[in-house]
Amino acid sequence: DDPGRAEEKEEYVPPPQPQVTERLFQQPTRRRRKMNKAWSDNPRLAELYRPPEELTFVGSFEQAADEAAKNNAWLLVNIQDEGEFKCHQLNRDIWNKGDL
């Protein structure tokens, strides 16, 4: 025990809220199908709100974690709901910026 070292405390992380967990595993909704049709009917909208394919890892979570560890990189997990417009705004306003 190093007397000069402050005692490390484990940070409390609250469990996920039930309504968030339920939404993660919901079946596709009519609203989601409608939004997908809107994207396919308007290629300019689809391009504007497209997911960041150049930042997306294709594979399982475990494979992504292994790849991040191998490259000494962070693994950022982004869970989105196609039926939630704010997720599409996130694609447009954050992930598709060249700064990332």
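**View 1. Helix 4 and the lining of the largest pocket.** Helix 4 (61–70) gives four residues to the lining of the largest pocket, the largest share of that lining. This is a predicted model, in which local features need pLDDT of at least 70 and side-chain atom pairs count only at pLDDT 80 or more, while totals for chains, interfaces and linings use all residues. Residues are numbered from 1 along each chain as its sequence is written, and side-chain values use heavy atoms, with hydrogens and water left out. Helices (H or I, at least four residues) and strands (E, at least two) are DSSP runs, numbered from the N terminus. A pocket is an open set of points on a 1 Å grid over the protein atoms alone, where a 1.4 Å probe fits, with protein on both sides within 12 Å along at least five of seven lines, and lining residues have an atom within 4 Å of a point.

**View 2. The centre of the largest pocket.** The lining is made up of 22 residues, and Leu 55, Thr 56, Phe 57, Leu 75 and Leu 76 lie nearest the centre of the pocket. The pocket holds about 720 Å³ of space, a volume being the space filled by probe spheres set on the grid points, which are joined across faces, edges and corners. By class, the lining has 14 nonpolar, seven polar and one charged residues (nonpolar: Ala, Val, Leu, Ile, Met, Phe, Trp, Tyr, Cys and Pro; charged: Asp, Glu, Lys and Arg; polar: the others, Gly among them).

**View 3. The buried side of helix 5.** In helix 5 (residues 85–95), Cys 87, His 88, Asn 91 and Trp 95 are buried, where buried means under 20% relative accessible area, exposed over 50% and partly exposed in between (1.4 Å probe, protein chains only). These four residues are on the same side of helix 5 because they cover an arc of only 105 degrees around the axis, the arc being that of the directions from the helix axis to the C-beta atoms.

**View 4. Asn 91 and its contacts.** Asn 91, a residue of helix 5, is buried, with a relative accessible area of 2%. Leaving aside residues up to four places away in sequence, Asn 91 touches Tyr 49, Arg 50, Pro 51, Pro 52, Gln 80 and Asn 96, where contact means heavy atoms within 4.5 Å.

**View 5. Asn 72 in its loop.** Asn 72 is found in the loop between helix 4 and helix 5, and Asn 72 is exposed, with a relative accessible area of 75%. Phi of Asn 72 is near 50 degrees, a positive value in a residue other than glycine.
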